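Work through these exercises with the model open beside you. Try each task before you read its solution.

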Amino acid sequence: MLNDMRLDSNRALLWGVLASAVLTGLVWLAGTRLGGVVLLPDQGASWYYWKLPEPTAWTRASAWVGYAAHQLAAWGLIHHAQTRVKRHTRGLHPVNVVALAVNFGFVLLHAVQTQVFYDGTAQDVSIFSSQGSVVLLLVVVLLMESRRRGLFAGHGRPFPADVVGFTRKYHGYLFSWAAIYTFWYHPMENTSGHLIGFFYMFLLLLQGSLFLTRAHTNRWWTLTLELMVAVHGTLVAVMNSGPDGIWPMFLFGFLGVFVLTQLHGVGLSTTARWYVAAVFAVGVVAVYSWRGFDRIDEIVRIPAIEYLVTAVVALLVWVGIRLAAALR
């Protein structure tokens with residue numbers, strides 16, 4: 001108990017966010033040393049620009065071995081916490097301290113690996129796999145929180161309790177994979193898009209290190225992590241395609257999910273939620289008055305994809321549970 005009181009998880013969370021900002025600054029600083037790396041011309045949306053024209057076995061191995069070691073270490077710590085620790089506390093467990101140290105160590109390793117070998121795992125896998133891993137993380141959050149906050153304005157709990165329970169119990173393994181896979185996909189470049197993305201990844205790694213603590217289940221903190229994708233997606237879209245690009249699809253798409261679902265899980269009053277919805281509606285009208293209402297269908301694409309994928313994931317989990325029961 002004394003140990004838990006001394007190492008308060010909410011205080012650790014605050015320090016972790018500050019450390020993530022400092023690490024992002026160091027990524028920017030270290031990235032100034034990468035100006036001599038020669039890259040191929042951009043070849044379109046499915047092309048990842050930041051990879052070596054002529055990779056070697058060493059450059060590939062440096063990224064994949066680093067990723068594999070990081071991933072296995074994280075999964076091992078989650079398994080230890082679930083099988084040995086089990087209980088939630090206000091303070092940090094010793095395994096949380098180890099997890100924070102392990103993730104910090106692999107962040108430093110990836111920074112060194114970028115300086116020496118440059119390439120991430122992007123050399124061998126599609127850019128859509130990196131984007132898809134984060135989308136999968138977001139939709140599983142919708143699934144695992146559906147019985148607490150519903151899917152639509154606090155209502156709609158269509159998924160069986162055993163499906164939701166399964167995702168709540170084992171989500172750490174999936175979320176760890178999504179964050180670490182995406183983290184090692186990219187070299188530690190210092191473009192604005194990379195810096196925003198790495199800061200987001202650092203926050204996800206921090207969250208993944210605080211399992212079985214109250215900070216890990218703080219509703220405002222987890223909501224912030226869900227909303228960060230709207231900030232990241234919008235800013236990257238503006239940087240890549242300019243003010244006339246598709247940034248409203250990302251901004252209002254992810255905020256649409258927020259207004260429909262995520263907003264209803266933090267205890268706000270009905271009046272406050274209506275105010276937020278009204279601000280969202282005013283923003284949509286203002287932007288599409290300039291952009292053209294013939295393009296307003298953009299704002300439903302991301303919510304439609306997220307809710308559809310949530311249903312598909314729920315179905316797959318349900319089938320897996322039933323098959324496992326039948327085999328037993």
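Predicted model: local features only at pLDDT ≥ 70, side-chain atom pairs only at ≥ 80, totals over all residues.

Residues are numbered from 1 along each chain as its sequence is written, and side-chain values use heavy atoms, with hydrogens and water left out.

**Exercise 1. Describe how helices H7 and H12 pack.**

Step 1. Find the helices: H7 covers residues 161-185 and H12 covers residues 301-327. Helices (H or I, at least four residues) are DSSP runs, numbered from the N terminus.

Step 2. Take the angle and the distance. The axes are 9 Å apart and meet at an angle of about 95°. Axes are lines fitted to C-alpha atoms, for helices over the stretch in contact, and angles run from 0 to 180 degrees between N-to-C directions.

Step 3. Classify. H7 and H12 are therefore roughly perpendicular (65 to 115 degrees).

Step 4. List the residues that meet. H7 brings Asp162, Val163, Phe166 and Thr167; H12 brings Ala314, Val317, Trp318, Ile321 and Arg322.

**Exercise 2. Is Gln71 buried or exposed, and what is Gln71 in contact with?**

Step 1. Locate Gln71: it sits in helix H3, residues 57-85.

Step 2. Check the area. Gln71 has a relative accessible area of 3%, so it is buried (under 20%; exposed is over 50%, partly exposed in between; 1.4 Å probe, protein chains only).

Step 3. Leave aside neighbours within four places in sequence. Gln71 is then in contact with Ser176, Trp177, Ile180 and Tyr181 (contact: heavy atoms within 4.5 Å).

**Exercise 3. Where does Pro55 lie, and what does Pro55 touch?**

Step 1. Pro55 is in the loop between helix H2 (9-31) and H3.

Step 2. Its relative accessibility is 24%, so Pro55 counts as partly exposed.

Step 3. Not counting residues up to four places away in sequence, Pro55 touches Arg60, Asp119 and Gln123.

**Exercise 4. What kind of aromatic pair do Phe183 and Trp184 form?**

Step 1. Learn the rule. Rings of Phe, Tyr and Trp (its six-membered ring) pair if their centres lie within 6.5 Å; planes under 30 degrees apart are stacked, over 60 edge-to-face, the rest tilted. By this rule the count is 16 aromatic pairs.

Step 2. Apply the rule. Phe183 and Trp184 are 5.9 Å apart, centre to centre, with 85° between the planes: the pair is edge-to-face.

Step 3. Phe183 and Trp184 are both buried.

Conventions:
Helix = DSSP H or I, 4+ residues; strand = E, 2+ residues; numbered from the N terminus. Parallel < 35°, antiparallel > 145°, perpendicular 65-115°, else oblique.
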